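Thanks, everyone. Please have a look at the structure on the screen, and then I'll walk you through it.

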Amino acid sequence: RIERIVKLTGFVNCSDGFTQQPQVVNGASELMVDVFGDAGRHARAALGANALPLGMAVEVDAVAAFT
């Protein structure tokens with residue numbers, strides 16, 4: 001049972017010069033708050049990468065606290 005979301009890290013597959021990684025990862029952050037309410041508020045990092053596994057556009061890593 002999830003008590004709260006502690007941190008999300010989002011990796012965005014992007015080209016050189018793209019600087020809007022935080023805006024791309026906003027969708028994952030907003031989803032956590034929509035699903036878990038205040039317990040979904042978290043620390044976050046948004047990073048750019050020139051390639052992700054299997055050609056994915058975005059990869060999100062989450063750390064959650066469990067009861």
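Surface first. The accessible surface of this protein comes to about 4500 Å². Carbon and sulfur atoms account for 53% of that surface. Please keep in mind that this is a predicted model. Of the 67 residues, 21% count as buried.

Now the overall dimensions. Taken along the principal axes, the C-alpha atoms fill a box of roughly 40 × 20 × 15 Å. Charges next. There are 5 positive side chains and 7 negative ones. The centres of those two sets lie 8 Å apart.

On to the fold. How many helices and strands are there? The protein has 1 helix and 3 strands. Reading from the N terminus, the elements run β-α-β-β. Take the contacts between residues at least 6 apart in sequence. Of these, 78% join residues at least 24 apart.

Let's go to the sheet. In what order do the strands sit? The order is E2-E1-E3, in an open sheet with mixed pairing. The edge strands are E2, residues 43–49, and E3, residues 58–66. Each of these two pairs on one side only. From one strand to the next, the twist averages 15 degrees.

A quick reminder on pairing. Strands of a sheet pair through backbone hydrogen bonds, and the sense is either parallel or antiparallel.

Strand E1 covers residues 2–13. With E2, strand E1 pairs in the parallel sense, over 7 bridges. Lys-7 has Ala-43 of E2 as its bridge partner. For Phe-11, the partner in E2 is Leu-47.

Strands E1 and E3 run antiparallel, joined by 9 bridges. One example to click on is Gly-10, whose bridge partner in E3 is Val-60.

Stay on E1 and find Thr-9. Is Thr-9 buried or exposed? Thr-9 has a relative accessible area of 12%, so it is buried, the cut-off being under 20%. What does Thr-9 touch, beyond its neighbours within four places in sequence? The contacts are Ala-45, Leu-47, Glu-59, Val-60 and Asp-61.

Start with Val-24, in H1. Its relative accessibility is 35%, so Val-24 counts as partly exposed. Not counting residues up to four places away in sequence, Val-24 touches Val-12, Phe-18 and Val-58. There is also a distance to note for Val-24.

With a relative accessible area of 48%, Gln-23 is partly exposed. In sequence, Gln-23 and Ala-46 are 23 residues apart. In space, C-alpha to C-alpha, they are 8.7 Å apart.

Last, the loops. Cys-14 is in the loop between E1 and H1. Which class does its accessibility put Cys-14 in? At 17%, Cys-14 counts as buried, because the limit is under 20%. Leaving aside its neighbours within four places in sequence, Cys-14 is in contact with Gln-21, Gly-48, Ala-49 and Asn-50. Cys-14 and Val-25 are 11 residues apart in sequence and 13 Å apart in space, C-alpha to C-alpha.

Then Leu-54, in the loop between E2 and E3. Check its backbone. Leu-54 has a positive phi of about 60 degrees, although it is not a glycine. Buried or exposed? Leu-54 has 86% relative accessibility, so it counts as exposed.

To sum up. This is a predicted model with a three-strand open sheet in the order E2-E1-E3. Thr-9 is buried, and so is Cys-14, whereas Leu-54 is exposed. Over to you for questions.

Methods
Residues numbered from 1 in each chain as written. Predicted model: local features only at pLDDT ≥ 70, side-chain atom pairs only at ≥ 80, totals over all residues. Heavy atoms only, no water. Pairing = 2+ DSSP bridges. Helix = DSSP H or I, 4+ residues; strand = E, 2+ residues; numbered from the N terminus. Axes fitted to C-alpha atoms, helices over the stretch in contact; angles between N-to-C directions. Buried < 20%, exposed > 50% of the residue type's maximum accessible area, 1.4 Å probe, protein only. Contact = heavy atoms within 4.5 Å. Areas by Shrake-Rupley, 256 points an atom, 1.4 Å probe, with all protein chains shown as cover. Lys, Arg positive; Asp, Glu negative; His and termini not counted. Charge placed at Lys NZ, Arg CZ, Asp CG, Glu CD.
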